[in-house]
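Welcome, and please load the model in your viewer. We will go from one selection to the next and look at what is there.

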Amino acid sequence: TDRGLYQWDEAIQYSVTELAQGVCPDGWHIPTDAEQNTLDQSLNDTTCDANRIGAWGCANAGTKLQTGGTSGFEGLLAGDRNTNGSFYYQGSYAGFWSSSVSGSDAWHRVLFTGNATVGRGHDDRANGFSVRCLQD
């Protein structure tokens, strides 16, 4: 499995289309915000607001998605790269880009060590986050 932190434009290979293949292998794509919500909802143990912005939700989905969780996803907490080029939170945080935009930003999901929920927000496309690929 390849691992890296990508600026949004690089992750989707400069496409502006949802479901872009981006850096994913043939037959796979960068998930949309709605597809990321489907994953959150499928692992959630309570209620989960699909439209939360800059907020955490989907109880226990965060724990299930992290390494050692029950989902099989094994989300690596690779940290992030800020727009100034600094790296942060390696080993405790992971942001995963979607192929969906919000104005000049893009939507992402966040995992944080010890946090049982999943964060949803939008951020500057120049930040470096992880991506997960979803089979077509």
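**First stop: C24 and C133**

Select C24 and C133: they form a disulfide (a pair of cysteine sulfur atoms within 2.5 Å), with their sulfur atoms 2.2 Å apart. Before going on, note that this is a predicted model, where local features need pLDDT of at least 70 and side-chain atom pairs count only at pLDDT 80 or more, while totals for chains, interfaces and linings use all residues. Residues are numbered from 1 along each chain as its sequence is written, and side-chain values use heavy atoms, with hydrogens and water left out.

Now look along the S-S bond: at -90 degrees, the link of C24 and C133 is left-handed. Colour by secondary structure next, with helices (H or I, at least four residues) and strands (E, at least two) taken as DSSP runs numbered from the N terminus. C24 sits in the loop between α1 (8-11) and β1 (28-29), and C133 in the loop between β7 (118-124) and β8 (134-135), so the pair ties together parts 109 residues apart in sequence.

C24 is buried, at 3% relative accessible area, whereas C133 is partly exposed, at 28%. Here buried means under 20% relative accessible area, exposed over 50%, and partly exposed in between (1.4 Å probe, protein chains only).

**Second stop: C48 and C58**

Move to C48 and C58, a disulfide with sulfur atoms 1.6 Å apart. C48 is in the loop between α2 (33-43) and β2 (55-57), and C58 in the loop between β2 and α3 (61-65), ten residues apart. Both C48 and C58 are buried.

**Last view**

Show every disulfide: a search of the whole structure finds two. With the bonded cysteines numbered in sequence order, the pairing reads 1-4, 2-3.
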